[in-house]
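This report describes selected features of the structure shown below.

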Number of protein chains: 2
Amino acid sequence: MARQPNHPGRGGRTTAVRGSRTGRPIMVLLDLLGRRWTLRIVWELRDAALTSRALRAACNEASPTIMQTRLTELRDAGFVELTEAGYGLTPQGRDLMQLFMPLHHFAERWDRARRDAGAPDRRKTLA
Amino acid sequence: MARQPNHPGRGGRTTAVRGSRTGRPIMVLLDLLGRRWTLRIVWELRDAALTSRALRAACNEASPTIMQTRLTELRDAGFVELTEAGYGLTPQGRDLMQLFMPLHHFAERWDRARRDAGAPDRRKTLA
DNA sequence: ATACGTCGCTACACAAAGTGTAGCGAAGGG
DNA sequence: CCCTTCGCTACACTTTGTGTAGCGACGTAT
């Protein structure tokens with residue numbers, strides 16, 4: 001692991017905010033986390049560092065292009081770092097992950113509710 | 001409020017999973033929440049129902065096309081409903097929101113850390 | 001009743017984001 | 001030296017999101 005990367009020098013702040021242009025931290029965060037694969041990546045790193053390729057495999061073989069983009073964003077955000085062991089969560093990344101842990105149980109409950117509610121026909125009738 | 005919608009009958013399950021094809025609830029959820037504007041919409045509805053137009057305004061005037069798409073997905077998922085008062089969170093949506101509340105404080109802390117770390121030059125040197 | 005204003009929602013041409021395949025240079029191991 | 005794996009990039013293609021306009025269905029007031 002830990003080969004030197006070959007991109008010589010960029011380090012430019014690329015992570016503008018896109019969706020929410022207010023700059024309020026919560027909006028920036030919601031925007032960052034609301035990009036494709038971001039939540040998933042953090043999730044997959046929850047209890048071990050992974051090599052870029054292993055991570056990609058864990059994420060249904062998502063495009064290396066987008067994986068790399070997301071990883072760069074997450075690194076810039078300070079949630080992920082590249083170490084000898086591969087990509088892993090920073091302490092701050094682990095803090096974030098803590099917040100998302102309950103989501104697992106929630107997802108199970110949600111799925112059950114969803115299943116026996118069975119396509120509740122969302123169309124508004126209201127009458 | 002509460003005009004009858006004009007789409008006569010669809011109600012088809014549109015919300016396939018896209019990113020993660022495993023079908024595991026957590027993956028489905030992460031995928032759903034990882035679509036553009038989804039987290040933001042839930043966030044903006046956190047303490048009051050909003051009309052579609054007000055919600056759109058709250059979300060930086062995002063495209064009505066995508067707002068409608070996301071709202072349909074969120075309705076199908078059982079997190080959002082359309083009531084007399086406009087779009088609001090369902091009980092299940094509020095449950096989800098509960099999990100995201102700490103994110104607010106986290107975002108503030110994160111922003112501070114981020115600010116005085118100041119673009120830590122993510123490029124791997126490791127040596 | 002007819003002219004507003006707003007509701008939820010749709011159409012459509014354009015731009016941006018993500019996909020998939022191939023492959024790079026750099027390191028390690030035989 | 002060859003072979004493998006690493007992190008990462010190029011590029012043509014598809015999908016997703018944007019921006020503007022506008023629909024029909026109400027309410028409300030003129």
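## The paired strands of chain A

In this predicted model, strand 1 (residues 80-83) and strand 2 (residues 86-89) of chain A run antiparallel and are joined by four bridges. Within this pairing, Glu81(A) lies opposite Gly88(A) of strand 2. Two residues separate strand 1 of chain A from strand 2 of chain A, and the two strands form a hairpin.

## The overall plan of chain A

Chain A contains six helices and two strands. Read from the N terminus, its elements follow the order α-α-α-α-β-β-α-α.

Chain A has 127 residues, of which 31% are buried. Among its contacts with a separation of 6 or more, 48% are between residues 24 or more positions apart.

## Two residues with positive phi in chain A

Most residues other than glycine have a negative phi. Trp37(A) has a positive phi, near 85 degrees, and is not a glycine. Trp37(A) belongs to the loop between helix 1 (25-33) and helix 2 (38-44) of chain A. Is this residue buried or exposed? Trp37(A) is buried, because 26 other C-beta atoms lie within 10 Å and the cut-off for a buried residue is 20 or more.

Glu61(A) is likewise not a glycine, and its phi is positive, at about 55 degrees. Glu61(A) sits in the loop between helix 3 (52-58) and helix 4 (64-77) of chain A. With 10 other C-beta atoms within 10 Å, Glu61(A) is exposed; the cut-off for this class is 12 or fewer.

## Packing of a helix from each chain

Two packed helices are described by the angle between their axes and the distance between the axes. For helix 6 of chain A and helix 1 (residues 25-33) of chain B, the angle is about 100 degrees and the axes are 8 Å apart. These two helices are therefore roughly perpendicular to each other.

Which residues make the contact? Helix 6 of chain A contributes Leu103(A), His104(A), Ala107(A), Glu108(A), Trp110(A) and Asp111(A), while helix 1 of chain B contributes Pro25(B), Ile26(B) and Leu29(B). Of the residues in this contact, six are nonpolar, one is polar and two are charged.

## Leu33(B) in helix 1 of chain B

Helix 1 of chain B also holds Leu33(B). Leu33(B) counts as buried because it has 23 C-beta neighbours inside 10 Å. When residues up to four places away in sequence are left out, Leu33(B) touches Leu39(A), Thr38(B) and Leu39(B).

The C-alpha atoms of Leu33(B) and Leu74(B) are 9.3 Å apart, although 41 residues separate the two along the chain.

## The two sides of helix 5 of chain B

In helix 5 (residues 91-100) of chain B, the buried residues are Gly93(B), Leu96(B) and Phe100(B). Viewed down the axis of helix 5 of chain B, these buried residues fall within an arc of 60 degrees, so they line one face of the helix. On the other side of helix 5 of chain B, Pro91(B) and Gln98(B) are exposed.

What do the buried residues of helix 5 of chain B pack against? Their partners within chain B are helix 2 (38-44), strand 1 (80-83), strand 2 (86-89) and helix 6 (102-117). They also pack against helix 6 (102-117) of chain A.

Note on methods:
Residues numbered from 1 in each chain as written. Chains lettered and ligands numbered in written order. Predicted model: local features only at pLDDT ≥ 70, side-chain atom pairs only at ≥ 80, totals over all residues. Arc of directions from axis to C-beta. Contact = placed C-beta atoms within 7 Å. Axes fitted to C-alpha atoms, helices over the stretch in contact; angles between N-to-C directions. Parallel < 35°, antiparallel > 145°, perpendicular 65-115°, else oblique. Nonpolar A, V, L, I, M, F, W, Y, C, P; charged D, E, K, R; others polar. Pairing = 2+ DSSP bridges.
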